2 protein chains.
Amino acid sequence: MTPREQPQRVRVQNFTVSRDGIGAGEHQSLERPFGTVSTGPLDPSKLMAWSFETANFPGRTDGGGTRGLEDRLTRDFSQNIGAEIMGRNKFGPVRGPWPDEEWTGWWGEDPPFHTPVVVMTHHPRPSFSLSDTTFHFVDGTPREALEQAFAAADGKDVRIGGGVSTVRQFLEADLIDELHVAVAPLEYGSGLRLWDAPEDLTDRFHLEKVLAPSGVTHCFLWRR
Amino acid sequence: MTPREQPQRVRVQNFTVSRDGIGAGEHQSLERPFGTVSTGPLDPSKLMAWSFETANFPGRTDGGGTRGLEDRLTRDFSQNIGAEIMGRNKFGPVRGPWPDEEWTGWWGEDPPFHTPVVVMTHHPRPSFSLSDTTFHFVDGTPREALEQAFAAADGKDVRIGGGVSTVRQFLEADLIDELHVAVAPLEYGSGLRLWDAPEDLTDRFHLEKVLAPSGVTHCFLWRR
């Protein structure tokens with residue numbers, strides 16, 4: 001379809017939390033990228049199982065996978081997205097000043113973004129590219145990071161990629177237009193919490209909840 | 001996202017039927033493009049309300065519309081589609097030999113396909129283009145039409161666009177890889193029937209059913 005000219009939007013896509021609102025554990029490390037929750041290390045393959053099992057999950061090469069609702073949501077991840085903003089902890093486990101520039105993200109030589117990525121950090125470093133993803137480092141407010149991402153997005157939308165505290169910062173600054181959050185049928189008890197319940201946001205957002213056969217409740221929120 | 005090299009697939013997308021399986025009425029005419037069912041002329045704005053009300057419905061210019069599940073499905077309509085195949089009755093109400101070439105479809109100067117479209121008819125006529133849609137006319141079997149559509153699709157998938165009897169022909173020829181069919185909360189009593197129930201197809205297809213808040217049940221079927 002010919003893209004229609006529309007204002008650039010700020011979107012959260014396929015962000016997944018437990019039933020008690022937890023999207024990551026505490027004490028992230030190189031060995032435990034998703035940190036630790038009350039039951040032990042958070043296993044992303046359980047939290048994200050709804051997406052990992054679909055035919056369009058990036059990196060799947062076996063020709064298998066499901067092709068139901070959740071496959072549509074998986075392939076929607078990049079639809080009309082021109083840039084991503086992420087927090088430093090989504091980018092990596094290093095804290096404080098960078099000892100060197102060896103760390104280039106968790107994703108190897110072909111990161112799954114394929115657009116410019118703006119990493120928010122108090123310790124900027126030079127931009128670099130891996131395959132068709134370019135990482136930029138910005139020390140600034142959410143609004144400043146967003147301006148940079150809009151400029152890099154070639155007229156397309158900007159995805160707020162997480163983690164939890166980055167999404168919360170953008171919600172607090174009232175900079176998000178729409179969210180798709182998958183609520184997985186798990187309870188973590190402790191960790192980094194996005195919300196107590198999606199209804200926390202209904203003063204500012206419409207909320208639609210759809211239960212998938214996987215047991216995941218997909219929450220779609222868009223600005224009133 | 002960089003398109004991955006995958007075999008071309010044959011897909012039915014956003015095809016909508018009533019709870020009793022009816023996708024169009026009988027006695028189609030210029031005035032009644034969707035024909036007549038037991039309750040009177042079929043009103044597509046009721047049958048397709050789930051999609052018409054979304055933000056991404058083609059032609060919407062008011063900036064409004066919903067942005068829930070059904071908006072994702074609406075914008076998925078063209079995702080990785082390189083060509084459509086339609087039956088002659090989806091193309092227009094003229095029957096038999098073309099009196100002239102004046103009829104160019106129901107859609108005005110900017111049809112919502114934006115790809116090559118293969119129209120199956122026993123009365124071929126020269127190809128023509130409107131905006132970025134080109135219509136070709138083929139007198140042949142479903143397999144022959146599909147070969148032409150695959151060749152025109154530039155490596156992308158082919159959508160079987162309908163109507164009902166065209167989808168049925170392709171199902172009978174076992175040429176469809178996946179279907180998304182929306183079952184609207186309406187009963188028509190008479191008309192052109194896609195199926196008695198989606199379970200008719202579960203010998204050959206996986207079936208996932210998802211109930212949307214609109215009252216529509218979205219059926220996703222993909223080959224076993």
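1. A salt bridge here is a side-chain nitrogen of Lys or Arg within 4 Å of a carboxyl oxygen of Asp or Glu. Asp76(A) and Arg75(B) make one, with their closest N and O atoms 2.5 Å apart. Between chain A and chain B the count is eight salt bridges.

2. This is a predicted model, in which local features need pLDDT of at least 70 and side-chain atom pairs count only at pLDDT 80 or more, while totals for chains, interfaces and linings use all residues. Residues are numbered from 1 along each chain as its sequence is written, chains are lettered from A in the order in which they are written, and side-chain values use heavy atoms, with hydrogens and water left out.

3. In contact (heavy atoms within 4.5 Å) are 35 residues of chain A and 35 residues of chain B. The copies meet through the same surface, because 100% of the interface residues of chain A are also interface residues in chain B.

4. About 3,100 Å² is buried between chain A and chain B, 49% of it on carbon and sulfur atoms. Buried area is the accessible area (1.4 Å probe) that two parts lose on being put together, summed over both.
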